[in-house]
Amino acid sequence: MNTPIQKLDFPNNRNVRLYCKREDLLPFSLGGNKVRIGRAFFNDMLEKGKDCMIVYGNSRSNLCRVLANLCCAHKVPCYMICSGEAGEEAGIETNNSRLMKWLGAEVIPCEKTNIAQTVEDTMNRLTAEGKHPYYIFGDKFGIGNEGTPVQAYVDGYREIRAWEEQEGILFSHIFFASGTGSTQCGLVSGKILEQGPEKIVGISISSREYDRAMNVMQTGIREYFEKHHLELPEHFAKELHLEMAYRQAGYGQYDDRIMHVIREEFCRNGLPLDPTYTGKAFWGMKEYIEEHHLEDCDVLFLHTGGTPLFYDCLPGGTL
Ligand SMILES: *Cc1c(COP(=O)(O)O)cnc(C)c1O
């Protein structure tokens, strides 16, 4: 599952050299970090002896696409609980929602205030049918499986370390779009385990507030270390750097500065970015490099994927 790390053309006058790890090129379902994360959930389901999957999310999300695709490919029934499907946004078709129609997951609409009940009802219904359902987020309140997706980017981090050793290059910083924090938990856990030197900087792209995001990530890391009987250093939280200043108006909101970077990177490096995740993070990283006066260093941008959203944002698209 090794993805390429390439040097990007990155004009600047402080000798900052920029590299990109192309997680968008992971060879399944149009790639992205959700391929690694989705596989971690899928394997956990198999290990726990379950035979069908319940996902909470929406049909425009990269996670739902990848999980539905894994289930479809392995002939495992997939149930997708969606809140807000009755609202205005429900009608918006994107490339992900179109792909979801192909993949045939059963969509279960629910109210935002009624998620736990819907998860429970769905579990009960499937159990009564003789199935053994697996809910990716743990219990009906979405608690208890925080450690599972962390493995994905412990592995990703180890690939980065191996590349650094092979090339004789040490990254000073690793930047990426941080949403639920699974990717960040994995990278930071990997860094702690391997005692790496890089500063791992998540660019927040979500609407989640700082304290809550930090809490969720600390829980994820703690659960991962407990699950694998590993010793977690007392001050591990100091490795969590989450930049809140580049969210613009919140999740999915963006302005011309981001669209400019997306077009520029496609023209300059042939790199597809999107305005919700990777384009926002790339723009945030550039701002950070300026604001923190980074100088004479090697920086890594982890491209977390979202290829369908790149097409959504082309002129005439739905983003
Ligand atoms: C989900 C996603 C992210 C955020 O990853 P988390 O692990 O949820 O923080 C970033 N980029 C893309 C393209 C994604 O689909």
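Domain 1 (5-31 + 147-312) and domain 2 (33-135) each give at least three residues to the shell around the ligand; the bounds come from an automatic or database domain assignment. This is a predicted model, in which local features need pLDDT of at least 70 and side-chain atom pairs pLDDT 80 or more, while totals for chains, interfaces and linings use all residues. Residues are numbered from 1 along each chain as its sequence is written, and side-chain values use heavy atoms, leaving out hydrogens and water.

In total, 15 residues surround the ligand, each with a heavy atom within 4 Å of it. Among the closest are Gly-179, Thr-180 and Thr-304. By element, α1 (33-47) supplies the largest share, three residues, while β7 (173-178) and α6 (182-194) each supply at least two. Helices (H or I, at least four residues) and strands (E, at least two) are DSSP runs, numbered from the N terminus.

The table lists polar contacts, meaning pairs of N or O atoms within 3.5 Å.

| Residue | Protein atom | Distance to a ligand oxygen atom |
|---|---|---|
| Thr-183 | side-chain N or O | 2.7 Å |
| Lys-34 | side-chain N or O | 2.8 Å |
| Ser-182 | backbone N or O | 3.3 Å |

Of the 380 Å² of accessible area that the ligand has on its own, the protein covers 97% (Shrake-Rupley method, 1.4 Å probe).

Now for the sheet: four strands pair in parallel in the order β5-β4-β3-β6, and the sheet is open. Pairing takes at least two DSSP bridges. At the edges are β5 (106-110) and β6 (133-135). Three bridges join β3 (residues 52-56) to β6, with Cys-52 opposite Pro-133.

Methods: Polar contact = N/O pair within 3.5 Å; in protein donor to acceptor, adjacent residues only side chain to side chain.
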